Each structure stands twice: as C-alpha cells, then as structure tokens.
Amino acid sequence: MLSRQANNLYWMSRQIERAENTARLLDITHRMSLLPYRVVDTGQDWADPWALPLIINGLASEYYSSHPGQITSQKVLHFMVMDSANPSSIFSLMRAARENGRSMRGLLTTEMYEDLNSMWLELRSRSETAMKSGGINDFFEWIKTQSHQFRGVTVGTMLRDEAYQFIRLGTFMERADNTVRLLDVKYHTLLPSAEEVGGAVDYYQWSALLRSVSALSAYRRIYRDVITPKRVAELLLLHEDMPRSVHACMNEIYEILGDLCKKESMEPERLAGELHAQLHYGRVDQIMETGLHEYLMEFLEKLHQLDAELNQYFLVPVFAPETKSFQPAPQTQGAAQNQTA
Amino acid sequence: MSAKPPYDEMRAADGTIRPHYRAHAEWLKHQEPGFLQQKQREANALYTRLGITFAVYGDESGTERSIPFDIIPRIIRPAAWKIISDGARQRVRALNAFLKDIYNEQEIVKAGIIPASQITGNPAYRPEMKGVQLPGDVYVHIAGVDIVKTDAGQFYVLEDNLRTPSGVSYVLENRKMMMRLFPDLFSKMPVAPVDHFTDDLLENLRAVAPSHTSQPTVVVMTPGAHNSAYFEHAFLAQQMGVELVEGQDMFVADDVVYLRTTEGPQRVDVIYRRIDDDFLDPVAFRPDSALGVPGLFSAYRAGNVNLANAIGTGVADDKSTYLFVPQMIDYYLNEKPIIENVPTYKLSDPEDLAYTLAHLPELVVKEVHGSGGYGMLVGPTSTKAQIADFRKVIEKNPKNYIAQPTLALSTCPTFIDSDVVPRHVDLRPYVLAGREVTLVPGGLTRVALREGSLVVNSSQGGGTKDTWVLEDQSC
C-alpha cells in the first residue's frame with residue numbers, strides 16, 4: 001500500500017489510543033486530587049497532582065508557556081481535554097484521528113468509518129460546561145468506551161490485510177509508550193518523598209496508577225499482597241498476560257512486524273525483537289538494580305528509535321538515489337520528547 | 001430571439017408524445033400522485049448519504065453540496081445518438097491529429113490553414129512538448145464534448161474539454177440511482193448500459209503505457225481531498241481498482257517515476273492526472289506547486305511514464321482554436337464535420353466586429369481564453385447598462401472576444417416541485433481515445449432548473465439527469 005495511507009492509518013489508531021490513555025490518566029488524577037493525602041513538597045509545582053498528566057505526556061513546558069500562574073485543575077482539564085489549540089488534547093486527537101480516517105475512508109469498513117465519524121460528531125457537540133456538570137468521570141468513561149468500541153469494530157469487521165496491520169501497530173506502539181511513561185511518573189513523585197514507603201500516600205498513588213491501566217484487580221489476584229514498586233513494575237513491564245503491559249504490547253508489535261518486514265526492511269523487526277527479548281527474558285530484580293527510571297528512559301528511547309525506523313522503512317520513506325532503494329536516514333535526535341503527530 | 005418555441009425533446013409541436021418518449025410517458029401516467037415526489041426525496045437523501053458531493057471552495061467548515069439530480073431521464077433515439085457519437089469521435093480524432101501536428105512538424109501552419117500566432121501565441125501552448133513522442137500519438141485520452149440540440153437532427157458543439165474534463169462520475173452514479181429508484185422502467189425500455197465506462201477507461205490507459213512493460217501500473221493522481229472533484233477522483237480510482245495518489249506519493253529517480261509504498265519503491269507507468277499542467281512538476285512548470293512531482297516532466301519526455309491527458313492539450317480547446325476545428329476535420333481526416341460548430345464571429349475581424357456591436361442584445365460574447373462563465377455577456381438576459389459596459393470592454397481589445405448567436409437549447413421534461421415541465425438541457429458525452437476512439441452510450445445531461453434559463457452550470461442553478469440512449473432501432 002502507499003506509504004501515505006499506512007502513515008495515516010497508523011496515526012489514526014495512535015491518536016485514538018492516546019486519547020484513551022489521556023482520559024485514563026486525567027480520570028485517575030482527578031480521583032487522586034479528591035483524596036485527603038497530598039504529595040509532599042507542595043512548594044513545587046510538579047508535586048501538584050495536576051502537574052502529573054502534563055509531565056507524563058511531555059506537555060509541561062507547552063502548558064506553562066500558555067498558562068502562567070498557579071496550576072489549577074480547571075486549567076489543566078481544559079488544556080488536556082477540549083483545548084483545540086493543544087494538539088495533544090483529547091479534542092484535537094479525536095479530530096485528527098477522524099480526519100485521518102476520513103481521508104482513508106476507502107480502506108476502512110463502513111462500520112469503522114461510521115463509528116469514528118459519530119464519535120467525533122458527538123464529541124464536538126459536547127459543551128465543556130455540560131461535560132463538567134455532568135461529571136468529568138462520566139466523560140472519561142465515555143472516551144474509553146469509544147476507544148474500546150472502535151478497536152472492537154476494527155477487529156470485528158476488518159480484512160486482515162496490510163491496512164489492518166498498520167492500524168494495530170499504531171495502537172500497540174502508542175500503548176507501550178504510554179505505559180512506560182506512566183510507570184516513570186513515580187520517579188517524579190514518590191521516590192524522593194519523605195513519606196515512609198508503604199505509607200498511605202504511597203499506597204494510594206500506586207493503586208491509582210494500577211487502576212488507571214485497569215490493573216488493580218489483576219495485581220491483587222496475582223500477588224495477593226501489599227503493593228510494592230517492584231511488583232508494579234513487574235506487572236506493567238514484564239507480565240505478558242496483562243493487556244496493557246509493555247511486554248504484551250511488544251508481543252503484538254513483534255508479531256505484526258514479522259508479517260510486514262521483508263528482506264529489505266529487516267531492521268525494524270530486529271529492533272522490535274531486541275526489545276521484545278529484553279522484556280521476555282528480563283527480570284525485575286535486575287531492572288530495579290539498574291534503577292527503574294534509568295531502565296524506562298532507555299526503553300523509551302529505543303521505542304522512539306523503532307518508531308523512527310517504521311517511518312523510514314514504511315511510513316515516510318526517504319529514497320537514496322545512489323543505491324536505488326529506501327535507506328534509513330540519519331537518526332534524528334531528541335525523538336523521545338517528540339509527542340506531536 | 002425568434003418567436004419559435006424551443007425544441008421539446010418529448011413533445012412534438014402538436015402536443016403528441018414523440019415515439020422514443022412514449023413508454024416513459026405511459027409509465028408516468030400510471031404513477032400515484034406523490035410517488036415521484038417521494039422518489040425525488042429518496043434520490044436527494046441517497047446522494048447526500050453516499051457522499052456524492054463536491055466541496056464548496058472558500059468554506060472553512062468543509063461544507064459539501066450535492067448537485068441537484070432530476071429523476072426524469074433524458075431519452076435519446078438511436079439515430080440521434082449515432083450523430084452525437086460519430087460527431088464527437090470525429091472531433092477527438094481530428095483534435096488528436098492537430099495536437100500531434102503542432103507539437104511536431106506544424107504542417108497545418110505550413111499549409112496556411114491556421115496562423116502560427118494562433119498556436120505559439122496561445123498561453124496554453126507548451127513549447128516544452130515540441131518533439132515529445134507519445135504512445136499511439138494520443139494526446140487527449142479523455143475528452144468531454146459539450147453538445148446542444150436546437151431542432152430535429154440539428155446539433156452544435158459548444159466546446160471541447162480536452163484538459164481534465166470532470167463529471168463522468170455523475171453519469172455512472174445517476175444511472176445507478178435510476179436503476180435503484182425505478183427498476184421496472186428498465187425492464188420496459190431498452191436502455192443502453194454505461195457501467196463499462198471505467199473498464200474502457202482502464203483498458204485505454206493501459207494501452208498507452210510506455211513499451212517497457214506489458215503489465216503497466218496505472219494510477220489516478222488527485223490534488224487532494226480538498227479539491228472540489230475529489231469524490232470523482234476517488235470514485236474512478238476505486239472503480240478501476242487502481243491507487244489514488246497525490247504528488248507526495250511519487251518521486252522520480254533517473255527519469256523513472258516511483259510510488260512510495262510500504263514495500264519499497266514501485267514503478268508507475270501511466271498517470272491519469274486530475275491536476276492542471278501548471279502544477280504537475282515544480283521543476284518544469286510552476287516552482288511553487290506543492291501538488292506536483294519534481295522531475296515528472298523529464299521522466300515523461302524520456303518516455304518512461306505516460307500522462308493522460310498529455311501536457312499542453314489546452315491549446316486545442318480554447319475558444320479561438322475552436323473556430324478551426326471544422327478545418328482540422330477537413331485537413332487531417334478529409335471528412336465533413338458531422339456536428340457543426342456554433343456560428344461564431346471573430347471580433348478580430350472588422351466585419352464580424354461591426355455586426356456584433358450592432359447586435360449585442362441577441363448575442364453571447366465570450367472571452368477567447370476564459371472559462372467557467374467568467375468575462376462573458378449573455379445579450380438576451382442582460383440589462384442595457386450591462387450591454388453598454390461590455391461594449392466598452394470589447395472595443396478596448398476586440399481580438400480577445402468571440403460572439404455567438406444565443407441558441408434556443410432543446411428542452412426535456414423535468415420534475416419541478418410536483419410537476420413535470422420542460423427545461424433546457426445540454427449534453428456532455430465522454431470520449432475515450434487509446435487504441436481506438438470510443439464512447440459509452442450516454443453522457444452527462446445538464447439541465448437548467450430555473451424556468452426559461454439557458455445556463456446549465458451547477459454553480460448557477462443547474463442540475464443533472466440520467467441520459468438514456470435507446471438500443472431499439474424502431475424508436
């Protein structure tokens with residue numbers, strides 16, 4: 001298929017997945033902000049719970065440049081949900097996903113396009129005040145449901161062709177990225193805390209984090225014990241039965257690339273295999289020894305490298321005239337911070 | 001204008017139904033009141049739902065409209081169709097021969113039939129095309145020839161569209177709509193099918209591929225989703241089963257055009273481009289074009305890719321070249337024109353100019369290089385002041401204008417509100433040239449929905465009808 005088509009489909013599913021994850025994150029932030037326990041170091045902006053979604057999504061500097069003054073839940077919610085000037089708001093992500101889907105309408109099934117289109121039309125018709133008075137949590141539930149539904153319609157109606165593979169690839173690339181970022185948030189908040197590890201704040205934060213990826217009850221069923229950072233890391237990184245774990249995402253990515261990559265495009269498959277093996281054979285003790293933050297940052301960088309390779313080989317290929325083939329362009333630096341589509 | 005009423009394609013002067021409309025008129029008589037209204041509503045709703053629309057330019061919110069569709073078909077007798085079909089094909093053959101000639105030896109100039117200035121002085125003439133050899137010597141692969149009828153057996157060609165004529169998707173969609181709304185009518189009447197148009201188109205495009213391959217890759221090239229005719233581009237690509245591409249999807253290396261695909265570069269052989277000459281290649285033409293492919297023209301010159309239509313066909317379809325088409329038919333084909341040109345006054349000629357200035361209220365005056373109804377005077381529907389103003393414009397630069405009598409276009413029965421009433425129509429059949437010159441039986445009938453109006457353009461209250469060519473010779 002045309003690279004442009006693959007690129008649009010890949011981004012369509014990334015944008016929907018990102019909107020879902022943003023909703024999950026904001027939902028949990030909102031719940032945490034209602035608890036009596038606050039993060040220590042209140043003097044620092046980043047310690048405010050409402051700074052978390054900005055930090056995790058790499059939007060802190062963008063936010064501060066347009067929102068001077070004290071951080072508030074109202075301002076962050078507007079910025080992250082309905083702000084059409086913020087390309088990473090749920091509104092903008094859904095708009096972009098629908099635009100990508102519309103331009104590739106011929107490659108989607110009728111059900112998929114209608115689902116995507118009505119999702120967008122409904123979102124556009126929702127007013128921000130009505131959304132808040134109706135309960136922000138209901139709104140986040142609605143976004144999650146829309147994302148579940150679109151994924152379900154995709155799996156349930158679409159021919160298993162190349163277009164399908166790129167749509168699925170987008171979903172899991174985005175989800176892996178999001179789970180890694182989410183795990184790292186504890187580095188910014190809890191670890192340097194003066195609070196006793198295992199204390200109340202600690203507990204609420206870890207359980208909120210698990211809840212945001214629908215993993216709290218799974219944690220209980222698997223470990224039947226108190227929540228510890230090590231086990232959370234193990235569950236969300238290494239446990240392949242957890243559908244939002246990084247390992248589970250890499251399983252899918254590795255398998256899809258096994259189908260997509262040809263002789264000339266083995267590099268993305270190789271890198272995905274390396275990342276997959278790292279999780280498949282990795283042990284959490286080793287990860288904790290390295291330092292969770294360091295491990296996550298390194299992983300995120302490789303994930304962005306994989307994304308760059310997908311661009312070079314499939315999505316926005318660069319042609320090298322001297323060899324008459326598509327060649328990887330030189331690596332771009334700072335990809336890890338690049339969050340916009 | 002004369003007092004004679006316009007030619008009614010359905011009813012003879014004495015009010016009787018003409019033979020080829022009888023079956024339809026009989027059927028119409030037996031329909032319940034309100035049935036047609038319901039069908040018309042159904043058609044409107046379907047067109048909107050199926051997204052058969054064109055974008056309205058300058059509307060940020062991306063409004064899309066559908067062209068009004070009339071549910072009464074225009075019916076054409078086999079004998080009349082033969083004139084239209086033979087006449088349109090004859091013109092396209094002559095125009096292709098003309099283009100081949102002027103981009104090579106220019107024999108027609110040497111023979112003194114057309115002045116050199118008419119060609120090389122024309123802004124649509126592309127000197128870059130001189131000496132470029134095209135597969136099958138075909139320049140115009142898809143032409144839309146606008147034809148009007150003014151009396152029994154009397155047809156005129158209004159203009160030839162040889163660049164990127166649009167509208168053929170409506171021919172196919174209108175037919176599908178009619179078969180969906182009135183299946184029983186098709187069992188009563190021998191309507192010639194049109195569905196094979198896209199098969200013919202693909203076959204033609206493959207036939208003009210460069211000789212290096214027997215399995216050519218054909219693509220449809222669009223300026224993008226925001227183009228007003230994007231629906232048609234997507235429709236044609238989908239019907240032919242080929243990729244719909246934008247300029248950014250292609251690149252040129254060593255004079256070969258490739259698609260950027262997920263499986264690496266894929267060679268392109270024939271491009272059915274729905275994008276103007278100027279924008280095709282920023283290296284060869286407009287450097288600010290973001291829609292084109294750098295190096296495309298060079299690949300084309302080298303014979304490694306073919307374009308449909310060729311670059312530079314515009315020189316053959318402007319209003320001053322139009323005057324010479326009868327001579328071209330004589331010169332290249334040694335035939336008499338089957339369909340005549342509308343009598344035309346060239347205002348560069350002092351005699352014609354004098355006549356025109358004396359008869360402005362009866363004439364239509366057009367700019368030689370204009371299109372889309374700009375820079376034009378329709379005498380009978382203009383005010384005295386408008387005519388006076390236009391007279392000054394003409395006098396300033398007479399050679400920039402031509403004038404034609406206002407033609408009494410024929411009328412067809414049309415469903416307006418709840419009545420079937422006559423409205424003026426024209427016809428654009430689509431002619432395909434590849435190994436042979438063919439056209440499907442039918443075309444786009446445009447109808448002026450306002451009473452008495454002669455303007456069929458969709459931007460000015462025009463709609464479309466399905467065009468039925470009957471196969472039964474007895475009609």
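The legends below describe close-up views of a predicted model. Local features need pLDDT of at least 70 and side-chain atom pairs count only at pLDDT 80 or more, while totals for chains, interfaces and linings use all residues. Residues are numbered from 1 along each chain as its sequence is written, and chains are lettered from A in the order in which they are written.

**View 1. The fold of chain A.** Chain A has 16 helices and two strands, taken as DSSP runs (helices H or I, at least four residues; strands E, at least two) numbered from the N terminus. Of its 341 residues, 45% count as buried, a residue being buried if 20 or more other C-beta atoms, placed from the backbone, lie within 10 Å of its own.

**View 2. The largest nonpolar core.** This core holds 102 residues, of which Leu95(B), Val257(B) and Val431(B) touch the most other members; a nonpolar core is a set of buried Ala, Val, Leu, Ile, Met, Phe, Trp, Tyr and Cys residues joined through C-beta atoms within 7 Å. Helix α3 of chain B (residues 78-102) gives the most to this core, with nine residues. A second, separate core of 88 residues includes Tyr10(A), Trp11(A), Val81(A) and Ala176(A).

**View 3. Where chains A and B meet.** Here 17 residues of chain A are in contact with 17 residues of chain B, contact requiring C-beta atoms, placed from the backbone, within 7 Å. On the side of chain A that touches chain B, α1 (3-33) and β2 (325-326) are the elements that give two or more residues, and the largest share, three residues, comes from α1(A).

Notes:
Buried ≥ 20, exposed ≤ 12 C-beta atoms within 10 Å, placed from the backbone. Contact = placed C-beta atoms within 7 Å.
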